[in-house]
Amino acid sequence: GKPLDYSQVALLFKTLEKGWVISSLCNPKTSSEQLVAISSIPKSIYKEYHHESLIQGSKFISCLASLCHVHNHFATFILERKLGERASSSWIFVTTVTCHTPTLE
């Protein structure tokens, strides 16, 4: 196979739930509105999910890993602790899910 170009990605991107971001080779965060003007090949898509605790984030990744295994598509998962907004100064736990096809890069 070969990588999809932005016009093909734009059509499929509309079927995803809100919050997914397209990452291109030249710009790591390209919104779907900017797709028209860009001619490079997208590298991946990613989305951040917020959790109340590290354990919830870990369980979330475990469920996603099972789905990936069943569908033979292996995403990249990053679970990290980040400082929340300035007003709250509390920690939040964030899972970043990145989907890509390494053989097409």
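1. Contact here means heavy atoms within 4.5 Å. The structure is a predicted model, in which local features need pLDDT of at least 70 and side-chain atom pairs count only at pLDDT 80 or more, while totals for chains, interfaces and linings use all residues. Residues are numbered from 1 along each chain as its sequence is written, and side-chain values use heavy atoms, with hydrogens and water left out.

2. S44 is found in strand β2, strands being DSSP runs of E of at least two residues and helices runs of H or I of at least four, numbered from the N terminus. S44 counts as buried at 10% relative accessibility; buried means under 20% relative accessible area and exposed over 50%, with partly exposed in between (1.4 Å probe, protein chains only). Leaving aside residues up to four places away in sequence, S44 touches V21, I22, S23, T98, C99 and H100.

3. Helix α2 covers residues 54–70. Its buried residues are G57, I61, L64 and C68. Seen down the axis of α2, these fall within an arc of 65°, so they line one face of the helix; the arc is that of the directions from the helix axis to the C-beta atoms. They pack against β2 (42–51), β3 (76–83) and β4 (91–99).

4. The face of α2 turned away from the buried side carries the exposed residues I55, K59, C63, H69 and V70. Just after α2, N72 takes a positive phi of about 55°.

5. The count of disulfides (pairs of cysteine sulfur atoms within 2.5 Å) comes to 0. C99 is in no disulfide, and the nearest cysteine sulfur, that of C68, lies 6.6 Å away.

Technical notes. The expected span of a helix is 1.5 Å times one less than its number of residues.
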